[in-house]
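Open the model in your viewer and keep the selection tool ready. The stops below say what to pick and what is there.

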Amino acid sequence: MDLEPELYISMVPEGGGMEKSFTFSDTKKSRYEQIYEFMRDEIISGRYGPGDKVPSKRSLAEALQCSLNTVQNAYAQLTDEGYLYSRQKSGFYVAALEGLDPSMPQIAERRESDRKEERFRFDFSYQGIDREAFPVTLWKRLSREVMNDEKREFLDVRDAKGDEELRSAIASYLRLSRSVQCTSSRILISSGTEYLLGMLIQLLDENTVYAIENPGYEKLSQLFTSNRVSFRSVDVDSQGLSSEGLEASGADVVCITPSHQFPTGTIMPVGRRLRLLSWAQQKKGRYIIEDDYDSEFRYAGKPIPSLQGLDQSGSVIYLGSFSKSLFPSLRISYLVLPEPLMEVYDRDLSFYMCPVPLLQQRTLARFLSAGHFSRHLNRMRNIYKEKREVLVRSLLSAFPSLEIEGAAAGGHIVIRVHNGMGENELERRAEEAGIRVYGLSRFYSRQPEPSEAPPILLGYASLSLQEIDEAVTLLRDLW
(Lines give C-alpha, C1' and ligand atoms only; values in the text may rest on other atoms or scores of the structure.)
Protein backbone atom coordinates (compact mmCIF):
# COMPACT_ATOMS: atom_id res chain seq x y z
CA MET A 1 0.00 0.00 0.00
CA ASP A 2 2.01 2.91 -1.33
CA LEU A 3 0.63 5.79 0.72
CA GLU A 4 1.73 9.28 -0.23
CA PRO A 5 1.83 12.28 2.11
CA GLU A 6 -1.58 13.89 2.40
CA LEU A 7 -1.85 17.33 0.83
CA TYR A 8 -4.87 19.47 1.63
CA ILE A 9 -6.54 22.46 0.05
CA SER A 10 -9.71 24.26 1.04
CA MET A 11 -11.95 23.91 -2.01
CA VAL A 12 -14.28 26.91 -1.64
CA PRO A 13 -15.96 28.71 -4.55
CA GLU A 14 -14.86 32.32 -4.76
CA GLY A 15 -18.42 33.39 -4.05
CA GLY A 16 -18.38 31.59 -0.70
CA GLY A 17 -19.90 28.29 0.40
CA MET A 18 -19.13 25.34 2.65
CA GLU A 19 -15.47 24.43 3.04
CA LYS A 20 -14.37 20.99 1.87
CA SER A 21 -10.87 19.53 2.02
CA PHE A 22 -9.19 17.60 -0.76
CA THR A 23 -6.31 15.19 -0.36
CA PHE A 24 -4.14 13.13 -2.69
CA SER A 25 -4.53 9.65 -1.24
CA ASP A 26 -5.59 7.18 -3.93
CA THR A 27 -2.34 5.86 -5.42
CA LYS A 28 -4.19 3.72 -7.96
CA LYS A 29 -5.21 6.86 -9.86
CA SER A 30 -3.16 9.69 -11.29
CA ARG A 31 -3.23 13.03 -9.53
CA TYR A 32 -5.10 14.75 -12.34
CA GLU A 33 -7.79 12.03 -12.15
CA GLN A 34 -8.17 12.58 -8.40
CA ILE A 35 -8.60 16.34 -8.88
CA TYR A 36 -11.03 15.78 -11.76
CA GLU A 37 -13.19 13.30 -9.82
CA PHE A 38 -13.27 15.43 -6.68
CA MET A 39 -14.39 18.58 -8.52
CA ARG A 40 -16.87 16.66 -10.69
CA ASP A 41 -18.50 15.20 -7.59
CA GLU A 42 -18.58 18.61 -5.91
CA ILE A 43 -20.42 20.05 -8.93
CA ILE A 44 -22.88 17.14 -9.14
CA SER A 45 -23.59 17.32 -5.38
CA GLY A 46 -24.43 21.02 -5.69
CA ARG A 47 -21.60 22.26 -3.50
CA TYR A 48 -20.42 24.24 -6.52
CA GLY A 49 -23.34 26.04 -8.15
CA PRO A 50 -23.76 27.32 -11.72
CA GLY A 51 -21.56 30.33 -12.33
CA ASP A 52 -19.26 29.69 -9.34
CA LYS A 53 -15.65 30.44 -10.11
CA VAL A 54 -13.25 27.64 -9.24
CA PRO A 55 -9.63 28.20 -8.07
CA SER A 56 -7.21 29.27 -10.79
CA LYS A 57 -4.96 26.57 -12.25
CA ARG A 58 -1.82 28.19 -10.88
CA SER A 59 -3.15 28.75 -7.34
CA LEU A 60 -4.48 25.19 -7.18
CA ALA A 61 -1.18 23.74 -8.41
CA GLU A 62 0.75 25.75 -5.80
CA ALA A 63 -1.61 24.75 -2.98
CA LEU A 64 -1.45 21.07 -3.90
CA GLN A 65 2.29 21.16 -4.58
CA CYS A 66 1.77 19.53 -7.96
CA SER A 67 2.63 20.51 -11.51
CA LEU A 68 0.58 23.03 -13.47
CA ASN A 69 0.10 20.37 -16.15
CA THR A 70 -1.65 18.13 -13.61
CA VAL A 71 -4.26 20.79 -12.88
CA GLN A 72 -4.53 21.75 -16.56
CA ASN A 73 -5.32 18.15 -17.48
CA ALA A 74 -8.03 17.94 -14.79
CA TYR A 75 -9.63 21.25 -15.86
CA ALA A 76 -9.44 20.24 -19.53
CA GLN A 77 -11.32 17.01 -18.80
CA LEU A 78 -13.96 18.87 -16.77
CA THR A 79 -14.36 21.39 -19.59
CA ASP A 80 -14.59 18.71 -22.28
CA GLU A 81 -17.34 16.95 -20.34
CA GLY A 82 -19.27 20.19 -19.82
CA TYR A 83 -18.81 20.66 -16.08
CA LEU A 84 -16.71 23.83 -16.48
CA TYR A 85 -16.41 26.60 -19.04
CA SER A 86 -13.68 29.22 -19.38
CA ARG A 87 -13.80 32.98 -19.78
CA GLN A 88 -10.87 34.61 -21.51
CA LYS A 89 -8.52 36.25 -19.02
CA SER A 90 -10.98 35.52 -16.21
CA GLY A 91 -10.72 31.83 -15.33
CA PHE A 92 -12.94 28.75 -15.09
CA TYR A 93 -16.57 28.66 -13.98
CA VAL A 94 -19.15 25.98 -13.19
CA ALA A 95 -21.57 25.31 -16.02
CA ALA A 96 -25.33 25.08 -15.55
CA LEU A 97 -26.33 21.42 -15.80
CA GLU A 98 -29.84 20.93 -17.14
CA GLY A 99 -31.87 18.33 -15.29
CA LEU A 100 -29.69 18.50 -12.18
CA ASP A 101 -31.96 19.25 -9.25
CA PRO A 102 -30.09 20.06 -6.00
CA SER A 103 -33.10 18.72 -4.08
CA MET A 104 -32.81 15.27 -5.67
CA PRO A 105 -32.68 12.61 -2.91
CA GLN A 106 -29.17 11.38 -3.68
CA ILE A 107 -27.82 14.95 -3.70
CA ALA A 108 -29.70 15.94 -0.56
CA GLU A 109 -28.49 12.80 1.21
CA ARG A 110 -24.92 13.52 0.17
CA ARG A 111 -25.12 17.06 1.49
CA GLU A 112 -26.58 15.83 4.76
CA SER A 113 -23.86 13.16 5.01
CA ASP A 114 -21.17 15.80 4.38
CA ARG A 115 -22.62 18.04 7.08
CA LYS A 116 -22.69 15.16 9.56
CA GLU A 117 -19.09 14.17 8.90
CA GLU A 118 -17.95 17.77 9.24
CA ARG A 119 -19.69 18.38 12.56
CA PHE A 120 -18.38 15.30 14.38
CA ARG A 121 -15.20 16.06 16.25
CA PHE A 122 -15.23 12.72 18.04
CA ASP A 123 -16.73 9.64 16.39
CA PHE A 124 -17.11 6.53 18.58
CA SER A 125 -17.32 4.43 15.42
CA TYR A 126 -17.55 0.67 15.79
CA GLN A 127 -16.02 0.25 12.32
CA GLY A 128 -12.76 2.11 12.90
CA ILE A 129 -9.20 0.95 13.40
CA ASP A 130 -6.07 2.63 14.72
CA ARG A 131 -4.66 3.85 11.42
CA GLU A 132 -1.42 5.12 12.94
CA ALA A 133 -0.46 1.65 14.17
CA PHE A 134 -0.59 -0.14 10.83
CA PRO A 135 2.91 -1.14 9.58
CA VAL A 136 2.74 0.74 6.27
CA THR A 137 6.48 0.49 5.55
CA LEU A 138 6.49 -3.28 6.01
CA TRP A 139 3.39 -3.70 3.85
CA LYS A 140 4.97 -1.59 1.08
CA ARG A 141 8.15 -3.70 1.23
CA LEU A 142 6.25 -6.96 0.92
CA SER A 143 4.20 -5.55 -1.92
CA ARG A 144 7.36 -4.52 -3.76
CA GLU A 145 8.79 -8.01 -3.27
CA VAL A 146 5.73 -9.50 -4.92
CA MET A 147 5.94 -7.00 -7.79
CA ASN A 148 9.65 -7.66 -8.27
CA ASP A 149 9.10 -11.38 -8.71
CA GLU A 150 10.55 -12.24 -12.11
CA LYS A 151 7.62 -14.50 -12.98
CA ARG A 152 5.21 -11.52 -12.76
CA GLU A 153 2.50 -13.90 -11.59
CA PHE A 154 0.64 -11.09 -9.86
CA LEU A 155 -0.48 -9.90 -13.31
CA ASP A 156 -2.39 -13.11 -13.99
CA VAL A 157 -5.91 -14.27 -13.20
CA ARG A 158 -5.42 -17.40 -11.14
CA ASP A 159 -7.57 -19.81 -9.12
CA ALA A 160 -11.25 -18.83 -8.86
CA LYS A 161 -11.22 -19.74 -5.16
CA GLY A 162 -8.37 -17.34 -4.47
CA ASP A 163 -4.60 -17.65 -4.54
CA GLU A 164 -3.38 -21.01 -3.23
CA GLU A 165 -0.50 -19.34 -1.38
CA LEU A 166 -2.92 -17.14 0.57
CA ARG A 167 -5.42 -19.93 1.19
CA SER A 168 -2.65 -22.10 2.63
CA ALA A 169 -1.45 -19.26 4.86
CA ILE A 170 -5.00 -18.62 6.11
CA ALA A 171 -5.54 -22.33 6.78
CA SER A 172 -2.35 -22.53 8.88
CA TYR A 173 -3.29 -19.44 10.85
CA LEU A 174 -6.84 -20.64 11.52
CA ARG A 175 -5.73 -24.08 12.68
CA LEU A 176 -3.22 -22.65 15.15
CA SER A 177 -5.08 -19.59 16.45
CA ARG A 178 -8.79 -20.38 16.08
CA SER A 179 -8.85 -24.22 16.26
CA VAL A 180 -10.59 -24.28 12.87
CA GLN A 181 -10.57 -27.63 11.07
CA CYS A 182 -9.66 -26.85 7.49
CA THR A 183 -7.33 -27.21 4.55
CA SER A 184 -6.66 -24.72 1.79
CA SER A 185 -8.96 -26.67 -0.55
CA ARG A 186 -11.97 -25.75 1.62
CA ILE A 187 -11.26 -22.01 1.69
CA LEU A 188 -12.91 -19.50 -0.61
CA ILE A 189 -11.51 -15.93 -0.81
CA SER A 190 -13.46 -12.91 -1.94
CA SER A 191 -13.89 -9.17 -1.53
CA GLY A 192 -15.99 -8.47 1.56
CA THR A 193 -18.33 -10.55 3.69
CA GLU A 194 -21.42 -9.29 1.85
CA TYR A 195 -20.17 -10.82 -1.40
CA LEU A 196 -19.46 -14.15 0.31
CA LEU A 197 -22.86 -14.23 2.00
CA GLY A 198 -24.47 -13.55 -1.37
CA MET A 199 -22.59 -16.52 -2.79
CA LEU A 200 -23.72 -18.69 0.13
CA ILE A 201 -27.32 -17.86 -0.69
CA GLN A 202 -26.71 -19.30 -4.16
CA LEU A 203 -24.98 -22.40 -2.73
CA LEU A 204 -27.83 -23.26 -0.37
CA ASP A 205 -31.35 -24.34 -1.30
CA GLU A 206 -33.47 -21.49 -2.66
CA ASN A 207 -36.21 -22.23 -0.10
CA THR A 208 -33.83 -21.90 2.84
CA VAL A 209 -35.10 -19.85 5.79
CA TYR A 210 -32.37 -17.96 7.63
CA ALA A 211 -32.20 -16.84 11.26
CA ILE A 212 -30.33 -13.69 12.27
CA GLU A 213 -29.38 -12.28 15.65
CA ASN A 214 -31.56 -9.53 17.11
CA PRO A 215 -29.76 -7.17 17.65
CA GLY A 216 -27.11 -7.99 15.08
CA TYR A 217 -25.15 -6.96 12.03
CA GLU A 218 -27.47 -4.45 10.35
CA LYS A 219 -26.60 -5.38 6.76
CA LEU A 220 -27.81 -8.98 7.10
CA SER A 221 -31.49 -8.11 6.91
CA GLN A 222 -30.78 -5.83 3.94
CA LEU A 223 -28.79 -8.57 2.23
CA PHE A 224 -31.50 -11.20 2.65
CA THR A 225 -34.26 -8.79 1.65
CA SER A 226 -32.43 -7.71 -1.52
CA ASN A 227 -31.89 -11.39 -2.45
CA ARG A 228 -35.58 -12.16 -1.81
CA VAL A 229 -34.93 -14.89 0.74
CA SER A 230 -36.86 -15.55 3.94
CA PHE A 231 -35.33 -14.78 7.32
CA ARG A 232 -36.39 -14.66 10.97
CA SER A 233 -35.08 -12.49 13.80
CA VAL A 234 -34.07 -14.41 16.93
CA ASP A 235 -33.43 -12.54 20.16
CA VAL A 236 -30.04 -12.44 21.86
CA ASP A 237 -29.83 -12.97 25.62
CA SER A 238 -26.93 -12.90 28.09
CA GLN A 239 -25.43 -16.04 26.47
CA GLY A 240 -25.89 -15.07 22.83
CA LEU A 241 -28.55 -16.18 20.36
CA SER A 242 -31.48 -17.88 22.10
CA SER A 243 -31.60 -21.64 21.48
CA GLU A 244 -35.34 -21.73 22.20
CA GLY A 245 -35.94 -18.84 19.83
CA LEU A 246 -33.98 -20.57 17.08
CA GLU A 247 -35.85 -23.84 17.50
CA ALA A 248 -39.17 -22.00 17.33
CA SER A 249 -38.19 -19.90 14.29
CA GLY A 250 -38.46 -22.65 11.66
CA ALA A 251 -35.09 -21.58 10.24
CA ASP A 252 -32.75 -23.90 8.35
CA VAL A 253 -29.59 -21.78 8.57
CA VAL A 254 -28.54 -19.45 11.41
CA CYS A 255 -26.03 -16.59 11.24
CA ILE A 256 -24.23 -15.94 14.53
CA THR A 257 -21.23 -14.12 16.02
CA PRO A 258 -20.46 -16.42 18.97
CA SER A 259 -16.93 -15.31 19.90
CA HIS A 260 -17.94 -11.66 20.39
CA GLN A 261 -21.58 -11.04 19.56
CA PHE A 262 -22.19 -7.86 17.62
CA PRO A 263 -23.23 -5.45 18.99
CA THR A 264 -23.79 -6.64 22.59
CA GLY A 265 -20.29 -8.08 23.10
CA THR A 266 -21.60 -11.33 24.60
CA ILE A 267 -19.42 -14.45 24.39
CA MET A 268 -21.42 -17.64 23.81
CA PRO A 269 -20.57 -20.31 26.43
CA VAL A 270 -19.78 -23.87 25.39
CA GLY A 271 -23.14 -25.24 26.59
CA ARG A 272 -25.05 -22.94 24.23
CA ARG A 273 -22.63 -23.78 21.41
CA LEU A 274 -23.15 -27.52 21.83
CA ARG A 275 -26.92 -27.02 21.80
CA LEU A 276 -26.66 -25.10 18.53
CA LEU A 277 -24.57 -27.88 17.01
CA SER A 278 -27.16 -30.40 18.16
CA TRP A 279 -29.89 -28.31 16.48
CA ALA A 280 -27.93 -28.35 13.19
CA GLN A 281 -27.44 -32.13 13.29
CA GLN A 282 -31.13 -32.88 13.78
CA LYS A 283 -32.12 -32.17 10.17
CA LYS A 284 -30.37 -32.46 6.83
CA GLY A 285 -29.61 -29.11 5.20
CA ARG A 286 -29.22 -27.19 8.45
CA TYR A 287 -26.11 -25.02 8.77
CA ILE A 288 -24.58 -22.54 11.17
CA ILE A 289 -22.79 -19.55 9.60
CA GLU A 290 -20.16 -18.55 12.17
CA ASP A 291 -19.01 -14.96 11.63
CA ASP A 292 -15.85 -14.78 13.74
CA TYR A 293 -16.25 -11.04 14.24
CA ASP A 294 -13.59 -9.34 16.38
CA SER A 295 -12.34 -12.74 17.61
CA GLU A 296 -8.66 -11.69 17.55
CA PHE A 297 -9.09 -8.98 20.18
CA ARG A 298 -9.67 -10.43 23.64
CA TYR A 299 -8.03 -8.69 26.60
CA ALA A 300 -8.52 -11.16 29.45
CA GLY A 301 -7.54 -14.80 29.07
CA LYS A 302 -6.98 -16.67 25.83
CA PRO A 303 -8.96 -16.14 22.62
CA ILE A 304 -12.18 -18.15 22.55
CA PRO A 305 -11.88 -21.18 20.19
CA SER A 306 -14.16 -21.21 17.18
CA LEU A 307 -17.51 -22.98 17.13
CA GLN A 308 -16.36 -24.67 13.93
CA GLY A 309 -13.60 -26.39 15.89
CA LEU A 310 -16.24 -28.18 17.98
CA ASP A 311 -18.21 -29.32 14.95
CA GLN A 312 -17.96 -33.03 14.12
CA SER A 313 -20.70 -33.19 11.46
CA GLY A 314 -19.72 -30.52 8.92
CA SER A 315 -22.56 -28.22 9.96
CA VAL A 316 -20.58 -24.99 10.45
CA ILE A 317 -19.64 -22.53 7.71
CA TYR A 318 -16.84 -20.32 9.00
CA LEU A 319 -16.65 -16.69 7.85
CA GLY A 320 -13.67 -14.42 8.52
CA SER A 321 -12.28 -11.08 7.41
CA PHE A 322 -9.15 -8.92 7.72
CA SER A 323 -11.10 -5.65 7.86
CA LYS A 324 -10.72 -5.11 11.61
CA SER A 325 -7.44 -6.93 12.15
CA LEU A 326 -5.63 -5.09 9.31
CA PHE A 327 -7.56 -2.35 7.51
CA PRO A 328 -11.08 -2.09 6.04
CA SER A 329 -10.09 -1.09 2.49
CA LEU A 330 -8.11 -4.34 2.08
CA ARG A 331 -11.48 -6.00 1.37
CA ILE A 332 -10.27 -9.57 1.80
CA SER A 333 -12.68 -12.01 3.43
CA TYR A 334 -12.90 -15.78 3.33
CA LEU A 335 -15.20 -18.75 3.85
CA VAL A 336 -14.30 -22.18 5.18
CA LEU A 337 -16.89 -24.46 3.64
CA PRO A 338 -17.86 -28.00 4.68
CA GLU A 339 -16.76 -30.45 2.00
CA PRO A 340 -20.26 -31.09 0.55
CA LEU A 341 -20.81 -27.36 0.00
CA MET A 342 -17.40 -26.95 -1.62
CA GLU A 343 -18.38 -29.73 -4.03
CA VAL A 344 -21.53 -27.76 -4.90
CA TYR A 345 -19.40 -24.67 -5.44
CA ASP A 346 -16.98 -26.54 -7.71
CA ARG A 347 -19.89 -27.90 -9.75
CA ASP A 348 -22.15 -24.83 -9.98
CA LEU A 349 -20.33 -21.61 -9.08
CA SER A 350 -16.66 -22.02 -9.96
CA PHE A 351 -17.18 -19.66 -12.93
CA TYR A 352 -17.09 -16.80 -10.36
CA MET A 353 -13.53 -15.49 -10.38
CA CYS A 354 -11.98 -14.21 -7.15
CA PRO A 355 -12.34 -10.40 -7.37
CA VAL A 356 -9.34 -9.61 -5.11
CA PRO A 357 -6.23 -8.55 -7.08
CA LEU A 358 -3.48 -11.17 -6.92
CA LEU A 359 -0.98 -8.50 -5.80
CA GLN A 360 -2.98 -7.93 -2.61
CA GLN A 361 -3.48 -11.63 -2.04
CA ARG A 362 0.23 -12.43 -2.37
CA THR A 363 1.22 -9.50 -0.14
CA LEU A 364 -1.17 -10.69 2.57
CA ALA A 365 0.08 -14.27 2.17
CA ARG A 366 3.64 -13.16 2.90
CA PHE A 367 2.43 -11.01 5.79
CA LEU A 368 0.80 -14.09 7.32
CA SER A 369 3.46 -16.68 6.53
CA ALA A 370 6.38 -14.64 7.87
CA GLY A 371 4.68 -14.14 11.26
CA HIS A 372 4.05 -10.41 10.76
CA PHE A 373 0.30 -10.84 11.23
CA SER A 374 0.65 -12.50 14.64
CA ARG A 375 3.06 -9.81 15.81
CA HIS A 376 0.74 -7.10 14.50
CA LEU A 377 -2.22 -8.62 16.37
CA ASN A 378 -0.22 -8.76 19.62
CA ARG A 379 0.66 -5.10 19.25
CA MET A 380 -2.93 -4.11 18.43
CA ARG A 381 -4.27 -6.05 21.41
CA ASN A 382 -2.07 -3.99 23.69
CA ILE A 383 -3.08 -0.74 22.00
CA TYR A 384 -6.82 -1.49 22.06
CA LYS A 385 -6.66 -2.86 25.60
CA GLU A 386 -5.16 0.42 26.80
CA LYS A 387 -7.79 2.43 24.93
CA ARG A 388 -10.57 0.33 26.42
CA GLU A 389 -9.17 0.76 29.92
CA VAL A 390 -8.92 4.53 29.50
CA LEU A 391 -12.48 4.70 28.15
CA VAL A 392 -13.92 2.55 30.94
CA ARG A 393 -12.00 4.43 33.63
CA SER A 394 -13.08 7.81 32.26
CA LEU A 395 -16.72 6.74 31.96
CA LEU A 396 -16.92 5.30 35.48
CA SER A 397 -15.41 8.49 36.85
CA ALA A 398 -17.88 10.63 34.92
CA PHE A 399 -20.98 8.46 35.54
CA PRO A 400 -20.93 6.62 38.90
CA SER A 401 -24.12 4.67 38.09
CA LEU A 402 -22.93 3.60 34.65
CA GLU A 403 -23.41 0.00 33.46
CA ILE A 404 -20.90 -1.54 31.03
CA GLU A 405 -22.03 -4.61 29.12
CA GLY A 406 -20.17 -7.24 27.12
CA ALA A 407 -16.83 -8.97 27.51
CA ALA A 408 -13.42 -7.30 27.55
CA ALA A 409 -12.88 -7.84 23.84
CA GLY A 410 -13.25 -6.25 20.43
CA GLY A 411 -13.19 -2.57 19.57
CA HIS A 412 -16.33 -1.27 21.27
CA ILE A 413 -18.30 -1.36 24.51
CA VAL A 414 -22.00 -0.99 25.29
CA ILE A 415 -23.04 1.28 28.14
CA ARG A 416 -26.22 2.28 29.96
CA VAL A 417 -26.40 5.72 31.57
CA HIS A 418 -29.10 6.01 34.24
CA ASN A 419 -30.04 9.67 33.77
CA GLY A 420 -33.62 9.43 32.55
CA MET A 421 -32.78 10.25 28.92
CA GLY A 422 -33.98 8.21 25.97
CA GLU A 423 -31.77 7.04 23.12
CA ASN A 424 -32.70 9.89 20.79
CA GLU A 425 -31.92 12.51 23.42
CA LEU A 426 -28.59 10.91 24.32
CA GLU A 427 -27.58 10.87 20.65
CA ARG A 428 -28.89 14.39 20.00
CA ARG A 429 -27.08 16.00 22.93
CA ALA A 430 -23.83 14.31 21.97
CA GLU A 431 -24.24 15.32 18.33
CA GLU A 432 -24.77 18.98 19.22
CA ALA A 433 -21.34 18.94 20.87
CA GLY A 434 -19.70 17.22 17.89
CA ILE A 435 -19.70 13.69 19.34
CA ARG A 436 -21.12 10.70 17.52
CA VAL A 437 -22.45 7.78 19.58
CA TYR A 438 -24.59 4.85 18.46
CA GLY A 439 -27.86 3.77 20.03
CA LEU A 440 -28.46 0.04 19.72
CA SER A 441 -31.91 0.47 18.15
CA ARG A 442 -30.23 0.74 14.72
CA PHE A 443 -29.09 -2.90 15.06
CA TYR A 444 -32.52 -4.38 15.81
CA SER A 445 -34.54 -5.92 12.99
CA ARG A 446 -37.37 -6.23 15.53
CA GLN A 447 -37.43 -3.53 18.19
CA PRO A 448 -37.56 -4.52 21.91
CA GLU A 449 -39.59 -2.80 24.60
CA PRO A 450 -38.19 0.66 25.51
CA SER A 451 -35.59 0.59 28.28
CA GLU A 452 -35.28 2.98 31.21
CA ALA A 453 -31.56 3.20 30.43
CA PRO A 454 -31.15 2.57 26.68
CA PRO A 455 -27.91 0.87 25.58
CA ILE A 456 -25.38 3.02 23.72
CA LEU A 457 -22.46 1.65 21.69
CA LEU A 458 -19.07 3.38 21.92
CA GLY A 459 -16.26 2.26 19.62
CA TYR A 460 -12.77 3.29 20.62
CA ALA A 461 -10.34 1.81 18.09
CA SER A 462 -9.98 4.91 15.90
CA LEU A 463 -9.73 7.46 18.75
CA SER A 464 -6.53 8.45 20.52
CA LEU A 465 -6.22 8.25 24.31
CA GLN A 466 -6.45 12.03 24.54
CA GLU A 467 -9.52 12.13 22.31
CA ILE A 468 -11.23 9.48 24.47
CA ASP A 469 -10.63 11.55 27.63
CA GLU A 470 -11.79 14.77 25.98
CA ALA A 471 -14.92 13.19 24.53
CA VAL A 472 -15.96 11.58 27.84
CA THR A 473 -15.42 14.89 29.67
CA LEU A 474 -17.84 16.52 27.24
CA LEU A 475 -20.33 13.67 27.58
CA ARG A 476 -20.28 14.07 31.35
CA ASP A 477 -21.51 17.64 31.01
CA LEU A 478 -24.06 16.71 28.30
CA TRP A 479 -25.52 13.62 29.98
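**Stop one: a surface patch**

Select V270, L274 and L310: together they make a nonpolar surface patch of about 250 Å². Patch residues have over 30% relative accessible area and no salt bridge; like charges are joined within 9 Å, nonpolar side chains (Val, Leu, Ile, Met, Phe, Trp, Tyr) within 5 Å. Areas are Shrake-Rupley, with a 1.4 Å probe and only the protein chains shown as cover for residues. A salt bridge puts a side-chain nitrogen of Lys or Arg within 4 Å of a carboxyl oxygen of Asp or Glu. V270 belongs to helix α10 (residues 270-281). Helices (H or I, at least four residues) and strands (E, at least two) are DSSP runs, numbered from the N terminus.

This is a predicted model: local features need pLDDT of at least 70, side-chain atom pairs pLDDT 80 or more, while totals for chains, interfaces and linings use all residues. Numbering runs from 1 along each chain as its sequence is written, and side-chain values use heavy atoms, without hydrogens and water.

**Stop two: the sheet**

Now show the open, antiparallel sheet of 4 strands, ordered β14-β15-β18-β17. Pairing takes at least two DSSP bridges between two strands. At the edges, β14 (403-405) and β17 (438-439) each pair on one side only. Inspect β15 (residues 412-416) against β18 (residues 455-459): 5 bridges, antiparallel. Pick I413; its bridge partner in β18 is L458.

Contact means heavy atoms within 4.5 Å.

Finish on the contact residues: R366, F367 and L368 of α12, with H372, F373 and H376 of α13.
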